[in-house]
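Me: I'd like to learn how to read a structure like this one, feature by feature. Can we start with charged side chains and work inward from there?

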Amino acid sequence: WPVTTVTNRITGLSIKAHQARTLYSYIELVEAAPDVNWVPVLTGWDPHDFIEMASSYYSCAVDLERLPLVALGGLAARQHLPEVAELVAYFRRCGFRLHGLGFKRTGLSMCAHMLASADSQSWSQEARLEARDGTRRPTPNCAHTLHCGNCLHKALEYREEVMSVLPRSPGFENQPGLFSIMREPHYLDLY
């Protein structure tokens, strides 16, 4: 249940309602399959919303600082704002291992050194738009003709672009989880 102007307008629900549904979904998943490392998501509009949501997890006996990852969501369109970097820094100081949902080059340039991992679909959307607009830039080693929006080669090309522009801040080298790939996955691993 992301908190964005678009999703909240579509659902007609408040920020707090989206947060509650996100929290309850996490709790239900953990109860249904406790052996899976589910990742809780903190979402909100302003920093106070995120901090309040973290408090809600603790109220439900979810100790965020003991978990392998805590995701920050709903920030993809606002990741260029300084308060996003401040929020990431705050949760990092709280001891959370953070995953940035939808963090692209701009957000990563400010926050990569504070994130354990991140993801983005921007490369996929860009590839689909290139195909639609007739400006498709073929990715080397690709056999498909429509677009590279689901292509491992395109994803790895994007990863290299991102890694080349990230600042090399202290501690950056010690973060193998950021966009890391240990092996090329078998196609069934992707589903």
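Predicted model: local features only at pLDDT ≥ 70, side-chain atom pairs only at ≥ 80, totals over all residues.

Me: Which helices hold Glu52 and Lys16?

Reply: Glu52 sits in helix α3 and Lys16 in helix α2, so this pair ties together parts that are 36 residues apart in sequence.

Me: And how exposed are Glu52 and Lys16?

Reply: Glu52 is partly exposed, at a relative accessible area of 30%. Lys16 is partly exposed too, with 49%.

Me: How many salt bridges are there in total?

Reply: The count comes to four. Among them is Arg105 with Glu161, where the closest N and O atoms are 2.6 Å apart. Arg105 belongs to helix α5 and Glu161 to helix α7, so that pair links parts 56 residues apart in sequence. Arg105 is partly exposed at 30% relative accessibility, and Glu161 is partly exposed at 28%. There is also Glu160 with Arg159, whose closest N and O atoms are 3.0 Å apart; Glu160 is partly exposed, with a relative accessible area of 47%.

Me: OK, on to the inside. How should I read a nonpolar core?

Reply: In soluble globular proteins, nonpolar side chains tend to be buried together. Here the largest nonpolar core has 33 residues, and Leu42, Phe91 and Phe103 have the most contacts inside it.

Me: What does Leu42 touch, leaving out residues up to four places away in sequence?

Reply: Quite a list: Phe50, Met53, Ala54, Tyr57, Leu64, Val70, Ala71, Leu72, Gly73, Phe91 and Phe96.

Me: Now zoom out. How many helices and strands are there, and in what pattern along the sequence?

Reply: There are seven helices and four strands. Reading along the sequence, you get α-α-β-α-β-α-β-α-β-α-α.

Me: What share of the contacts with a separation of 6 or more comes from residues 24 or more positions apart?

Reply: Those account for 55%.

Me: Last one: what percentage of residues is buried, and what does the surface look like in numbers?

Reply: Of the 191 residues, 38% count as buried. The protein exposes about 11,200 Å², and carbon and sulfur atoms supply 58% of that area.

How values were computed. Residues numbered from 1 in each chain as written. Heavy atoms only, no water. Core = buried A, V, L, I, M, F, W, Y, C linked by side-chain atoms within 4.5 Å. Buried < 20%, exposed > 50% of the residue type's maximum accessible area, 1.4 Å probe, protein only. Contact = heavy atoms within 4.5 Å. Helix = DSSP H or I, 4+ residues; strand = E, 2+ residues; numbered from the N terminus. Areas by Shrake-Rupley, 256 points an atom, 1.4 Å probe, with all protein chains shown as cover. Salt bridge = Lys/Arg side-chain N within 4 Å of Asp/Glu carboxyl O.
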